[in-house]
Amino acid sequence: MAQLILCSFLRFISKRQKVNSKKYMTDSVKFWAVVPAAGVGKRMQADRPKQYLPLANKTVLEQTLMRLLDADVFSAVAVAISKEDPYWPELELSNHDKVITAADGKERADSVLSALKSLRDQASDSDWVLVHDAARPCLTSSDIHLLIETLKDDDVGGILALSSHDTLKNVEGLNITETIDRSVIWRALTPQMFRYGMLKQALEQAEGNPAVTDEASALEMQGLQPKIVEGRPDNIKITRPEDLALAQFYMEHQQ
């Protein structure tokens, strides 16, 4: 099974357009990263939040932050952390000169907004912000650069996403009511990239709305239409215990 996954993954990667790693920051426009990292991750059934579980000799969160920092495009990375978090201060990266610690919020969107506010004295409204899940440690620099290169001149911004290859069903209870047209269905990934001022305003206006499950949904509520940029299938989110082994497998075989 692992060999089949790897072969399929490598075939996909070979077809992707390569994007040169380069700096996009200028005197007028900068790029910032935001990582909401205050979640508990109950489905992992672990003794600590999933972002602090071990992965390839580091924690999941360390692996994620290293991927962002290694892309060499961000002026800083703002990480939203719970006030009761005993693990974050123990990580060496918490003292990195490009890592800013922000307070958490009640929901993910609140944590992202808190992280944005921690940047308000440094970021301008026209700067770009890339929001990335703490539990996606397999993000590659190539996907970061692809997202930036594709959207840096866009009026709204957009997200990494994957098209759906499975047959999708709409259900009520356990009964299928219809088959959904998968050609118009994409799975949202992160990072999600939007202008600082636009994203901050959208999250402020949507504060407390349970329908805001990612940054793009907050922009959609403003009547805007974020773009889709196809990402790599190995950019998985660690949600269940078996995802840790899959993440390590992908990290070992990434190009």
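**Pocket, salt bridges and backbone of a predicted model**

By class, 12 nonpolar, 11 polar and 11 charged residues make up the lining of the largest pocket. The model is predicted.

Me: Which residues lie nearest the centre of the largest pocket, and how many line it?
Reply: The lining has 34 residues, and Gly 39, Glu 107, Arg 108, Thr 213 and Lys 237 lie nearest the centre. Helix H3 and strand S10 (186-195) each supply at least two residues of this lining. The space in the pocket is about 860 Å³.

Me: What makes Arg 108 and Asp 133 a salt bridge?
Reply: The cut-off is a side-chain nitrogen of Lys or Arg within 4 Å of a carboxyl oxygen of Asp or Glu. For Arg 108 and Asp 133 the N to O distance is 2.5 Å, so the pair meets the definition.

Me: Why is Asp 133 called buried, and what is Arg 108 called?
Reply: Buried means under 20% relative accessible area, and exposed means over 50%. Asp 133 has 6% and therefore counts as buried. Arg 108 has 24%, which falls in between, so Arg 108 is partly exposed.

Me: Which other residue forms a salt bridge with Asp 133?
Reply: Arg 136 does, with the closest N and O atoms 2.9 Å apart. Arg 136 has a relative accessible area of 8% and is therefore buried. Arg 108, Asp 133, Arg 136 and Glu 215 are linked in a network of salt bridges.

Me: How do you know that Lys 227 and Asp 154 form a salt bridge?
Reply: Their side chains meet at 2.9 Å, N to O, and the limit is 4 Å, so the pair qualifies. By this rule the model has 9 salt bridges.

Me: Where do Lys 227 and Asp 154 lie, and is Asp 154 buried or exposed?
Reply: Lys 227 lies in strand S11 (residues 227-230) and Asp 154 in the loop between H4 and strand S7 (157-163), so this pair ties together parts that are 73 residues apart in sequence. At 14% Asp 154 counts as buried, whereas Lys 227, at 40%, is partly exposed.

Me: Which residues of H4 are buried, and what covers them?
Reply: Asp 143, Ile 144, His 145, Leu 146, Leu 147, Ile 148 and Leu 151 are buried in H4. Their cover includes strand S1 (31-36), helix H2 (60-70), S6, S7, S10 and S11. Of the 255 residues of the protein, 48% count as buried.

Me: What makes the phi angles of Ala 56 and Asn 57 worth noting?
Reply: Most residues other than glycine have a negative phi. Phi of Ala 56 is near 50° and phi of Asn 57 is near 70°, both positive values in residues other than glycine. Ala 56 is in the loop between strand S2 (54-55) and strand S3 (58-59), and Asn 57 lies in the loop between S2 and S3.

Me: Why is Asn 57 called exposed, and what is Ala 56 called?
Reply: Asn 57 has a relative accessible area of 82%; the cut-off for exposed is over 50%, so the word applies. Ala 56, at 31%, is partly exposed.

Me: Which residues does the cis peptide bond join?
Reply: Thr 190 and Pro 191 are joined by a cis peptide bond, with omega about 10°. Pro 191 is found in strand S10.

Terms used. Residues are numbered from 1 along each chain as its sequence is written. This is a predicted model: local features need pLDDT of at least 70, side-chain atom pairs count only at pLDDT 80 or more; totals for chains, interfaces and linings use all residues. Side-chain values use heavy atoms; hydrogens and water are left out. Buried means under 20% relative accessible area, exposed over 50%, partly exposed in between (1.4 Å probe, protein chains only). Helices (H or I, at least four residues) and strands (E, at least two) are DSSP runs, numbered from the N terminus. On a 1 Å grid over the protein atoms alone, a cavity is a set of points where a 1.4 Å probe fits but cannot get out, and a pocket is an open set with protein on both sides within 12 Å along at least five of seven lines; lining residues have an atom within 4 Å of a point. Grid points are joined across faces, edges and corners, and a volume is the space filled by probe spheres set on the points. Ala, Val, Leu, Ile, Met, Phe, Trp, Tyr, Cys and Pro count as nonpolar, Asp, Glu, Lys and Arg as charged, and the others, Gly among them, as polar. Contact means heavy atoms within 4.5 Å.
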